[in-house]
Amino acid sequence: MLSNSYIYLPDSVMFDLEDAVSIAEKDTARLLVYNTLKAKIYGDIETVVRINGVDTPFWEADLEMAVRGGAEVIRLPKTENVNEVKELEIKIGKIEKECGREFGSTKIITAIESASGVVNAVGIAACSSRMVAIALAGFDYLVDMQTERSSGTEPELFFARATVLHAARAAKIDAFDVAYGNVNDEEGFMREVNIAKNLGFNGKSLIHPRQIELLHKAYQPTQPELDHARKVIEAAKTAEEKGLGVVSLNGKMIDPPVIQAAQRVILLADYS
Amino acid sequence: MNLIQKGIAGTLESSDILVIVNPQAGGGVQLSIQSKVEKQFGATIRRVIVEKLEALGVTDVVVDVKDQGALDCVIAARVQAAVYRAAGVDKVNYEVLS
Amino acid sequence: MMLRFVRKTHFAAVSIIVISGEDLIDYRTRIEKFLQNNGLDMDARIAKFVVAMNDCDANIVACAGLDGNIVKCVCVDQTYRGSELSLVIGTELVKQAFQDGHDDLFLYTKEKNKQRFNGWGFSPLVVTKGGVTFMEYNKRKLENYLQSLRSKRTSGKCIGSIVMNANPFTKGHRYLVERAAAECDCVHVFMVKEDVSFFRYKDRFKLVKDGLQDLNNVILHPGSDYIVSHATFPQYFIKDKHQVNRQASAVDALMFRQYIAPALGISVRYVGSEPIDETTSMYNCVLKEYLELSTGSAPPVELREMKRLECCGSVISASRVRALMKSESIRPIEALVPKNTFVFIEKYLMTSQKQKEFL
């Protein structure tokens, strides 16, 4: 599974050293990830390593391996506050220097999995130039909140989603929604994807290959959306060439936010 | 690297490899390989194992592997893990892993 | 109760648990029931089980047991067959065995299950006429053993062999070896290694060595896993006629015929006739069948059954000696065993007598 995940064409692949690995196998898992990273079998697919939390005895060895192995992104689980990210950042910088890796080339994604993490999300998202995204992890968070998953509009996750998303947008980084645990429930997965997408999340953490295509489809613009976006860009271009300040398409004014949205649609279509 | 005990790493699951290393003083490197893909890849598996042992400075060892079609990088990882376990060393020196 | 949760598997909600010692007492009934539901019997000698358990209902969905270096009672629930679960428990079992200090593993299986255990890394060594396949994990061990035997190969037309437990070495054993040495160019004597007999292997070996050293065409070999061992012939040591199993005897006979005899060029195997002990007489019968069988890749080995030496109206046997020891009648033993053995027994009885008085 580790070695063949590239055949499913994900955008990025995350190697887990945390919950998926028993304590007795942390050492072998590290070497497995290291050699897999070094073999560069993933081509253009972004490589992420989820290390163990900073409250465990494993995270420093995990980090050493991941940075030296060339992982593009480190995912820090159970992030509670800014200090933890700062500690991580210093350590990454030190290892980069030691192994001759370009300083700053290792990025960070933090996962928010608790009430205090959510409350501190705004600071966490903005505290490091290495930070590329912030993700919400639902399971531990809901335990911390003394509640559990419901179906429908999931009010229990609303505050966390909104907070994490705002933190991300304010810091100009990406935001990822919670993973959906039941890999056999496509309907439930799609319901959740739509909630996240409508709120404005950039994507979602996935735990099974079969979820990849579903997510891509959900984020893929429809043909009318894509056609419209292309027209917007074209009209904007024409206006610019003609030196026109304001343009309209089918009677609607096209201003910078509309152009940005259209660019995003085209970008998404290219990616999915 | 000085081996002081038996070291086991990996699994028998598909695309993985189970490696058992045993120190043998002065006996050189002795390999025994069983693989689903022995005909096509037996020589490659052997080369990867020997290379990794050399890089780790392991000279006297009996290595028994059951390969279930593992990629080279997986073979390398399992050999290294088994050796580190056999040496009783926790801290990996990534410089020499190559 | 301590459970050792080895790890979560990638199967939905299945945990692998290793059970041994006191935990096994609590689990035995459940494992037995699982085996029964799948048409298998529990083996009382298993000291360690690897069990896969469904986290939701705590039902056992797969198990595999270890009796020393023999894998037994491997079973996977119908719904998980063909999945990787078998390989997951196989991995854990192999790891457990090697961590326990074994450097090789054996198992018996039906020929149709050969493929599964091949996937576990086992290689088939012999297949009996009844389709029982004997498999080994670390095939290099056998190769190394045969290599060491080959170095002791001698030339000659008639190469004889005897396998003995010598528990303890008697005049009967000596007589059998003498007869064989007179008939053959060279005789290979193999000791039974397993330390489950009354006399320790170390002592048995020493008494045989001393008792045969004047015969210069006799070569004494230490015991191995491949000759009448716990692995090749577990029933030999149980001596329960209900458990006497022709198939296991056949495996032992075939191992001798296909691997050990060719390595040394052995053409004849000697056994004492067995009028009393049922296990041994059945074993002799199976030996004859498999050693002399005209088919097979290795050349046949002739079985010569020699009439046993008698003393005071009945055959000399090690069990007779042990019985006398039990009743502490030391004098009659002197007539049954060579001098060295007698001295050893005398010393032994004296020490245990002292111990008893002390207690």
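I first looked up which residues join two helices of chain B, where contact means heavy atoms within 4.5 Å. B:Thr44, B:Ile45, B:Arg47, B:Val48, B:Ile49, B:Lys52 and B:Leu53 in α1(B) meet B:Asp72, B:Ile75, B:Ala76, B:Val79, B:Gln80 and B:Val83 in α2(B). I sorted this contact of α1(B) with α2(B) by class and found 8 nonpolar, 2 polar and 3 charged residues. In this sorting Ala, Val, Leu, Ile, Met, Phe, Trp, Tyr, Cys and Pro count as nonpolar, Asp, Glu, Lys and Arg as charged, and the others, Gly among them, as polar.

I note that this is a predicted model, in which local features need pLDDT of at least 70 and side-chain atom pairs count only at pLDDT 80 or more, while totals for chains, interfaces and linings use all residues. Residues are numbered from 1 along each chain as its sequence is written, chains are lettered from A and ligands numbered from 1 in the order in which they are written, and side-chain values use heavy atoms, with hydrogens and water left out.

**Geometry of the helix pairs**

I then looked up the angle in the chain B pair. Helix α1 (residues 38–55) of chain B packs against helix α2 (residues 72–87) of chain B at about 40°, and their axes are 9 Å apart. Axes are lines fitted to C-alpha atoms, for helices over the stretch in contact, and angles run from 0 to 180 degrees between N-to-C directions. Helices (H or I, at least four residues) and strands (E, at least two) are DSSP runs, numbered from the N terminus. α1(B) and α2(B) are therefore oblique to each other; angles under 35 degrees count as roughly parallel, over 145 as roughly antiparallel, 65 to 115 as roughly perpendicular and the rest as oblique. The crossing of α1(B) past α2(B) is right-handed. A crossing is left-handed if the near helix is turned anticlockwise from the far one by less than a right angle, and right-handed if clockwise.

I next followed α2(B) to chain A. Helix α1 (residues 26–39) of chain A and α2(B) cross at roughly 145°, and their axes come within 8 Å. α1(A) also passes α2(B) in a right-handed crossing. I listed the residues in contact, among them A:Leu31, A:Leu32 and A:Asn35 of α1(A) and B:Ala77, B:Ala81 and B:Arg85 of α2(B). By class, the contact of α1(A) with α2(B) has 8 nonpolar, 4 polar and 3 charged residues.

**Chains A and B**

I looked up the elements and found 11 helices and 9 strands in chain A, and 3 helices and 4 strands in chain B. Along the sequence, chain B reads β-β-β-α-β-α-α. The C-alpha atoms of chain A fill a box of roughly 65 × 45 × 35 Å along the principal axes; the C-alpha trace of chain B spans about 30 × 25 × 20 Å. Buried residues (under 20% relative accessible area; exposed is over 50%, partly exposed in between, with a 1.4 Å probe and protein chains only) make up 46% of the 272 residues of chain A and 56% of the 98 residues in chain B.

**Two residues of chain C**

I placed C:Met42 in the loop between α1 (22–37) and β3 (48–54) of chain C. C:Met42 is buried, with a relative accessible area of 18%. Leaving aside neighbours within four places in sequence, C:Met42 is in contact with C:Arg28, C:Ile31, C:Glu32, C:Leu35, C:Phe49 and C:Cys73. I found C:Ser281 in helix α8 (residues 278–292) of chain C. C:Ser281 is partly exposed, at 28% relative accessible area.
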